[in-house]
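Subject: A structure to look at

Hello,

I am handing over a structure that you have not seen before, and I hope you enjoy looking through it. Please open it first, and then read my notes below.

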Amino acid sequence: MAEQGEYHRLEDLEEDSPPGEEELLVHVTEGLQDSWHHIKNLDNFFTKIYHFHQKNGFACMMLSDVFELVQFLFVVTFSTFLLCCVEYDVLFANRPLNHTGGTAPDRSKVTLPDAILPAPQCAQRIRASGWIIFLLVMAAAFWLYRLVKVLCSLLRYWEIRTFYIKALNIPSEGLCNYSWQEVQARLISLQRQQQMCVHKRELTELDIYHRILRFKNYTVAMVNKSLLPVRFHLPLLGPIVFLTQGLKYNLELLLFWGPGSLFQNKWSLRPQCKRAGARRELAQRLARTMVLVGLANLLLCPCVLVWQLLYAFFSYAEVIKREPSSLGARRWSLYGRHYLRHFNELNHELQARLSRGYKPATKYMNSFTSPLLTVLAKNVGFFAGSILAVLIVLTVYDEDVLTVQHILTAITLLGLVVTVARSFIPDEHTVWCPEQLLQRVLAHIHYMPDHWQGNASRSETRSEMAQLFQYKVFILEELLSPILTPLILIFALPSRALDIVDFFRNFTVEVVGVGDICSFAQLDIRNHGNPQWLSAGQTEASVYQQAENGKTELSLMHFAITNPRWQPPPQSELFLSQLKEKVQQDAAAAPPAQRILAEGPLGTSLLSEDSAAAPDGLLASVLARPIFSASGLVSWDRRFTQPCSTASAAASVLASLASSLPGPARGPTTDSPGCHSDRRLPEESLFLSESRLRSLSRSALITEVASAEMSLHAIYLHELHQQQQQGPGPQAVGVWMATGAPKPPSMTAGSAARASQAQHREMPLGGWAEEEEEEEEEEEQTTT
């Protein structure tokens, strides 16, 4: 049983919004005209402001919602037509037609109108099937519900459009020219003029993130503490993590916004959830609710399953026929997106980070090949390709071959088999370096288990990575979700009800002007820091209270870099300051950044297909430095006691960036709504060419600099974490962090493994095959 704690307050808080008041905005006519005072539901308000910005304004959102309704109507209508209004015996020429009305059948070619039944006969077929009528009634009820919801949303988003124009002074046609940080800065400035939140005079960036990501932070924390999702160990398949959109929707319904959920409104837990004495009664009630929701899912399973099948068929059938290799493409899984997400990370920030890691992750997964599967694929491809070649030659010689029954089907299927077989045959000219590729992945995704370090070439590491970065056959998971989700809700989740109740009580704090939030989202090193991640001596957290995998420290770093004007809590500020000092100390013991970056073309040829004038080139230089030092490809300065490690190389480059780690020595802030960042840009960029600098806007340039800076910090923190585990104990490292005493650079397991590869074999200077451009992932839907 988890260690028990008590719900606590940070400060006294009156209820920010009285229960039962559900309106989005309250317009006050007194004072300034068209002003927004005391907005009753700030969660919905800020969330809609964010969605309005990310979805490019009112027109795009309106069209998207309208076409969603039309698409649903089309799928239902077209499916009913295909099922009841087509005479397939005529279409397949199994039954001859008589166009003339004579006794002899007409042997002329069948046309589409011949195979379509008249409207009265079609309607009679529909009325004769009770099952079809039931599905149509359910579809009609759902469509009407969606129609009402879309109309209400359009009215609310029209108010948001008015707010953007009148309050934020951002015209609709110029919305795409403003970054989210600029919109957020104007919101903070507006709070000083009009009290949108009456319980706080000043809003901070963290307050806005807490409002938008209140429920998402709880979910990320539960995934981090391995409370969710459900894991299974299946024969032959091994460990399985099951999390689909359907299961996620049901979990949010149970925990956050459904009837009987743990939250009584958008911003406050139910009072009984805050009392330790009511934990067992509440857990029993939650377990019963899980079973009831599971039974409801079981009853609705046929309808949902039919819809999933139809939607998947209409969405993916043409793509698979045109490009069968798309089945071999990968995507970040829903579980992976929660596992890799920082606390207080918005959707667009997460999407940009994972998109940068897409290509290196694809290369890493493709570096594993099965010799047995390769032999089978070569032979299957040979036989299928031989038959396909003969059919194509016959078709070219005489097109009448196409009239032979099922000849087109055979050509299509054989082409599909050949394409799939080729995807399992590796390029014989490709040489992979798994350790370096995994480090490139880490630079962008920021999280990976400790046992992956130095074990990148093991199949166990690949299998665990596949849980985060899965094939696009995830479609099968979604199709099975209507069947498996009820079973998980009924049999697997109720046993975790008590742990879930304890989690919400122990990790919830009440903040003035915000309400109840997940305590991990406070980014408080003292309460949730992990001594194994350089916070020894600064944290009072027990093992139960610590975030796993350094999530508190890395999330703090990410939020501080993304929002440089934000003032962290004192203990977190101290952590950032001491880490900044540590960066400077390690940089002093490493070669100059200019020397490291001068090897960018060589490092890029090893680790990246991109130009060295891009951030990937900078990361390649840092990651390849231990390889160069160990292999003798470059010499290291004798003034330094040891060859340069990855941590030292990262520290040297970080110290050279003009906008370094946010700390107490921040520059003065400005109240100008248009100024969204105090981040200073380097006069001479370390990693962007002059032409690239001219092509980027200021906001885009700041984003690139911040992304590269966070990637370097992620590599640096992971390397220091590995050094700490291999070197002195937590107390010694805590003294080192507190005193700032210099510590000689050393190689971690990952650095040693990468250097070992360079010592024992000749390193290839390039040779990775070009990858296809990644497909865009659908933006995660957030509940209203």
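**Arginine 353 and its surroundings**

Arginine 353 touches Leu340, Arg341, His342, Glu345, His444, Ile445 and His446, once residues up to four places away in sequence are left out. You will find arginine 353 in helix 13, which covers residues 347-356. Is arginine 353 buried or exposed? Its relative accessible area is 5%, and arginine 353 is buried. Please keep in mind throughout that this is a predicted model.

**The cysteines**

How many disulfides does the count come to? The count comes to 1 disulfide. Cysteine 85 and cysteine 122 are the partners, with an S to S distance of 1.6 Å. Cysteine 85 sits in the loop between helix 2 (58-84) and helix 3 (88-91), while cysteine 122 belongs to helix 5 (residues 119-128), so the pair ties together parts that are 37 residues apart in sequence. Both ends have their accessibility worked out: cysteine 85 is buried at 7% relative accessibility, and cysteine 122 is buried with a relative accessible area of 9%.

Cysteine 60, in contrast, is in no disulfide. The nearest cysteine sulfur to cysteine 60 is that of cysteine 176, 9.4 Å away, whereas a disulfide needs the two sulfur atoms within 2.5 Å. Cysteine 60 counts as partly exposed, at 40% relative accessibility. For cysteine 303, the closest cysteine sulfur is in cysteine 301, and the 9.1 Å between the sulfurs is too far for a bond. Cysteine 303 is buried, with a relative accessible area of 18%.

**The nonpolar cores**

In soluble globular proteins, nonpolar side chains tend to be buried together. Here the largest nonpolar core has 135 residues. Which of them touch the most other members? They are Ile49, Phe163 and Phe504. Helix 29 (residues 698-726) gives this core its largest share, 8 residues.

Apart from its neighbours within four places in sequence, phenylalanine 163 is in contact with Trp36, Phe45, Ile49, Leu168, Leu187, Leu190 and Met196. There is also a second, separate core of 7 residues, and among them are Ala384, Leu388, Ile407 and Val418.

Next, please look at helix 22 (residues 551-562) and helix 23 (residues 570-588). Their axes are 11 Å apart, and the two helices pack at an angle of about 85 degrees. Helix 22 and helix 23 are therefore roughly perpendicular to each other. On the side of helix 22, the contact is made by Glu553, Leu556, Met557 and Ala560. Helix 23 brings Ser572, Phe575, Leu576 and Leu579 to the contact. Sorted by class, this contact has 6 nonpolar, 1 polar and 1 charged residues.

**A link across the sequence**

Glutamate 477 is part of helix 19 (residues 474-492). At 25% relative accessibility, glutamate 477 counts as partly exposed. How far apart in space are glutamate 477 and threonine 244? They are 7.0 Å apart, C-alpha to C-alpha, with 233 residues separating them in sequence. Setting aside neighbours within four places in sequence, the contacts of glutamate 477 are Val241, Phe242, Leu243, Thr244 and Gln470.

**Backbone details**

Most residues other than glycine have a negative phi, and most peptide bonds are trans. A few places in this model are worth a look with that in mind.

- The peptide bond from leucine 228 to proline 229 is cis, and its omega is near -5 degrees. Proline 229 lies in the loop between helix 9 (214-224) and strand 4 (230-234).
- Leucine 523 is not a glycine, yet its phi is positive, at about 55 degrees. This leucine 523 is in the loop between strand 11 (515-518) and helix 21 (525-528), and leucine 523 is buried, at 0% relative accessibility.
- Asparagine 549 is not a glycine either and has a positive phi of about 60 degrees. The loop between helix 21 and helix 22 holds asparagine 549, which counts as partly exposed at 22% relative accessibility.

Terms used: Residues numbered from 1 in each chain as written. Predicted model: local features only at pLDDT ≥ 70, side-chain atom pairs only at ≥ 80, totals over all residues. Heavy atoms only, no water. Helix = DSSP H or I, 4+ residues; strand = E, 2+ residues; numbered from the N terminus. Buried < 20%, exposed > 50% of the residue type's maximum accessible area, 1.4 Å probe, protein only. Contact = heavy atoms within 4.5 Å. Axes fitted to C-alpha atoms, helices over the stretch in contact; angles between N-to-C directions. Parallel < 35°, antiparallel > 145°, perpendicular 65-115°, else oblique. Nonpolar A, V, L, I, M, F, W, Y, C, P; charged D, E, K, R; others polar. Core = buried A, V, L, I, M, F, W, Y, C linked by side-chain atoms within 4.5 Å.
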